[in-house]
Amino acid sequence: MQIKIGRCYNLEECYEFFKKLEDDSEQLVQIITPESEAVNKKIIEKFNLLLPLSELIGVTAGEGIINSDITEQTIIITAVRFEESSFELIQRDSSSDLNAEIIAQNIQQNTKAVIVLSDNKYTDGDNFVNIFNKYAENIILAGGLAGFATKDGQSYIFDKNGIIKSGSIGIILNGNKLRADWTFSMGWESISREMEITKAEDRVIYELDGRSIFKVYSEFLGENIKNKLPSAAVNKFPLVLSGNFKNARSAMEVVNDGIRFSGNLKEGDKVKIAYGSLNKILRNAVYLRNNLNFFPEIAFVYSCSGRSDYLKSLNSSLSTELQVIPCQNTGFCTSGEYGTITSKAQFLNITTTVLYLSESDELIDRKLDFKTEIPEVKTEHLFHLSKKVISELEMINQKMRKANQSIGDKKISLTAETIFKMLFNDKKYTGGIVIKEAENLTNIYLDDSLGKQGYDIFRTFWNMNISEIKIKNNVLGFKQAFLIPLKKEVEALIIILSDEIDLYDIKKNDLFIQQIPNYLKKSLLYESLERNLASLSTLEQTSDFLYSTLDLELLYERILDIIVGTMGMSAAIIFKKEETELKSVKNINVPKNSELFYYLKGHFKNISISEKIVIANNIDFKKNIETLIAIPISLNDYQGVLYAIQSKYKQLINENQKKFIRTLANQIRVSIRNALNHNKVKKLSVTDGLTDLYNHSYFHKELKKKDGEEYSVAIMDIDNFKEFNDLYGHQIGDLVLQKLSELLKAEIREDDIVARYGGEEFVIYFNIVQERLLSKIINRLMRKIRELEINFENKKLKVTVSIGVAINKDGEYSSEKLIKQADTALYIAKGAGKDMVKFYRST
């Protein structure tokens with residue numbers, strides 16, 4: 001395979017490049033152009049004159065790609081002459097369906113890949129791949145939709161026969177010796193709950209979960225987001241489809257009360273709002289080369305123009321992502337990309353895709369090691385989102401606390417009424433709850449105003465036996481009726497009639513709604529077990545006790561206290577799986593390394609997998625153990641088991657107590673899930689993504705609280721870190737930052753605070769002001785850092801740091817001034833030479 005790639009800035013340079021090429025029927029020439037239609041027609045004319053045997057494929061684009069460099073106002077010409085392979089060019093100017101069918105039907109037995117270039121106005125990318133999949137399976141598909149020429153704003157494809165404004169060009173690459181591989185990178189993190197598209201037409205989405213799409217975006221991202229749409233949504237916040245492959249769709253334009261998205265989105269699709277994480281995009285860049293099993297001769301890159309715009313908005317660039325490609329490459333920024341994922345053709349958005357080709361017959365008998373740079377990762381923060389998620393969690397917790405305080409020992413009808421009226425605080429609605437108490441026995445609570453007609457309709461809805469949320473229009477004079485089935489603990493059907501409430505409101509309160517069976521269960525237990533009022537009272541108190549904290553460590557303590565105190569148990573322990581280790585996170589009267597400890601630990605896997613509560617009397621393990629309770633706690637990536645045992649006296653658990661334990665177990669799971677969600681979002685907002693230390697803003701916030709107190713601040717800078725990065729690469733630089741961070745966390749005292757202050761700077765708060773003691777602590781820290789070894793390619797790398805220290809002995813300085821003093825001391829230390837410590841002393 002012979003390859004020539006050129007940049008041309010005008011027509012004359014294009015002509016000169018054509019003259020340098022040897023004309024050959026096995027030569028494919030790709031042209032990416034930002035020029036006007038008039039100029040492109042001249043290019044085609046000159047190509048036919050100088051290279052009549054060669055084939056031409058062309059596309060308009062505002063940005064071209066040449067050897068990982070992003071260019072504008074540049075014509076990129078790539079000539080590939082195949083020596084061991086062949087290709088067939090198929091030009092179609094019909095509908096998307098017919099174009100896909102004809103191209104797919106021309107695939108041969110030895111076809112290794114298909115490149116398709118399409119116009120972006122008349123071609124429906126989703127429809128194209130759906131038809132393509134009917135005729136071709138497990139074939140690499142690459143390419144994309146044309147971009148917009150910067151010179152005249154037009155978008156089209158072309159070949160040697162002329163401009164094609166409605167159609168596709170397919171290049172079918174054949175050959176037994178041809179090697180082809182395709183890969184892609186996304187980087188979109190879901191930041192919302194799953195929502196259903198409830199109103200859409202012609203790719204314009206108007207409503208998510210029955211709510212205006214603008215209101216949904218503003219709730220998650222801020223009230224002023226509409227003024228920034230669609231550009232904000234294109235760059236950072238696309239929609240991703242639910243499913244195994246989370247395809248993304250970017251916003252294109254505001255259309256009246258909706259937003260038009262790229263790609264096919266229709267009513268009924270389940271989606272989430274996603275965030276374009278720069279951190280993840282740059283980390284995922286290695287996927288663009290990692291799975292290669294051959295050395296490529298050329299790579300064709302098709303990356304979304306929206307992705308390029310997003311990277312530029314964060315002072316990065318697509319070039320940074322593409323620098324991992326290990327060979328010469330060319331391509332353009334598209335309006336949508338074609339690809340093959342899990343053997344099926346897909347139409348993608350805001351992705352980077354790469355097609356690698358080679359005719360080399362070199363046998364690969366060693367691990368491939370591509371020498372390319374790894375992009376530098378930056379840390380981002382989503383303060384509004386963090387605040388939003390925490391706010392929603394606190395709102396749900398308040399409702400749960402209020403519910404626990406309100407329902408008490410009420411009968412089932414009163415409980416249903418109380419809970420129903422707590423569902424939505426700021427909306428007008430009515431309705432009720434149908435509850436199954438036993439076989440063929442139901443209890444219906446409904447608002448008095450609905451009367452017998454409402455009762456009959458509720459009974460009809462119950463008999464429908466629905467399994468998921470249903471929406472009925474125009475019921476009893478109300479705009480909508482929402483039917484919400486509950487299946488756990490208690491079978492029930494919540495019916496909400498309203499002119500104001502939408503599906504978005506329902507899902508926003510889903511966490512509270514899913515707890516309603518627990519509250520109903522409590523009331524059913526009360527009515528059926530009047531002799532056991534103490535248990536119900538305890539259940540109310542314990543649930544309130546659990547839901548009143550989001551501190552995970554405190555919650556573990558409360559859980560053990562409750563299970564031991566309410567059930568008369570003598571010992572309890574919680575085991576949690578952390579990566580590959582199984583750890584005890586809280587323990588009452590179960591000695592570590594004891595026979596009982598290992599017995600309980602050994603049963604963790606079976607109980608965790610079964611997800612069934614074990615309540616067993618007369619345990620044979622030991623003579624003095626009569627009762628065992630094992631509660632699995634499986635919450636996504638959290639796996640734990642709560643054990644409780646009675647070993648002092650006989651305590652058999654009866655059927656009523658078993659019901660109590662199952663209800664309590666559900667409350668324990670919910671309280672842990674709330675705490676995990678709270679801690680996850682809280683950590684996101686206060687920690688640095690690379691080092692897991694506190695971030696700059698959190699440190700300043702905490703230091704501000706210390707105004708008027710006596711304390712000290714030390715700022716630490718890694719010596720010659722830039723030279724270190726230049727010598728070993730940013731990936732090793734990141735490793736140095738991580739290893740140093742681990743050392744700092746391990747060495748500082750419990751009352752101190754350490755944070756990442758900048759690129760290679762760290763800052764430490766000490767609650768001491770005695771210079772002699774402080775010098776001793778810092779010198780010990782410097783010694784530990786000198787002893788730190790970082791293994792890299794059979795080398796043991798060393799790092800040194802310089803430190804500036806400022807002491808607020810009488811609490812007279814503000815946090816800002818003390819930071820400046822420490823920074824001044826650091827400047828002096830660095831000026832004195834590496835591996836230095838200086839204290840700020842005012843003169």
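Start by selecting Gly 729, which follows helix α22 and has a positive phi, near 105°. Helices here are DSSP runs of H or I with at least four residues, strands are E runs with at least two, and both are numbered from the N terminus. Before moving on, note that this is a predicted model, where local features need pLDDT of at least 70 and side-chain atom pairs count only at pLDDT 80 or more, while totals for chains, interfaces and linings use all residues. Residues are numbered from 1 along each chain as its sequence is written, and side-chain values use heavy atoms, leaving out hydrogens and water.

**Helix α22**

Now select residues 721–728. Which residues of α22 are buried? They are Phe 721, Phe 724 and Asn 725. Buried means under 20% relative accessible area, exposed over 50%, and partly exposed in between, with a 1.4 Å probe and protein chains only. The three sit on the same side of α22 because they cover an arc of only 100° around the axis, taken from the directions from the helix axis to the C-beta atoms. Colour Lys 722, Glu 723, Asp 726 and Leu 727 next: these exposed residues are on the face turned away from the buried side. The buried residues pack against β38 (711–718), α23 (730–747) and β42 (795–797), where contact means heavy atoms within 4.5 Å.

**Salt bridges**

A search of the whole structure finds 41 salt bridges, each a side-chain nitrogen of Lys or Arg within 4 Å of a carboxyl oxygen of Asp or Glu. Pick Glu 72 and Lys 312, whose closest N and O atoms are 3.8 Å apart. Glu 72 is in the loop between β5 and β6 and Lys 312 is in helix α8, so this pair ties together parts that are 240 residues apart in sequence.

Jump next to Asp 505 and Lys 427, another salt bridge, at 3.9 Å between the closest N and O atoms. Asp 505 is buried, at 6% relative accessibility, whereas Lys 427 is partly exposed, at 27%.

**Cysteines**

How many disulfides does a search of the whole structure find? The search finds 0, a disulfide being a pair of cysteine sulfur atoms within 2.5 Å. Select Cys 14 to finish: its nearest cysteine sulfur, that of Cys 8, is 4.1 Å away. Cys 14 counts as buried, at 0% relative accessibility.
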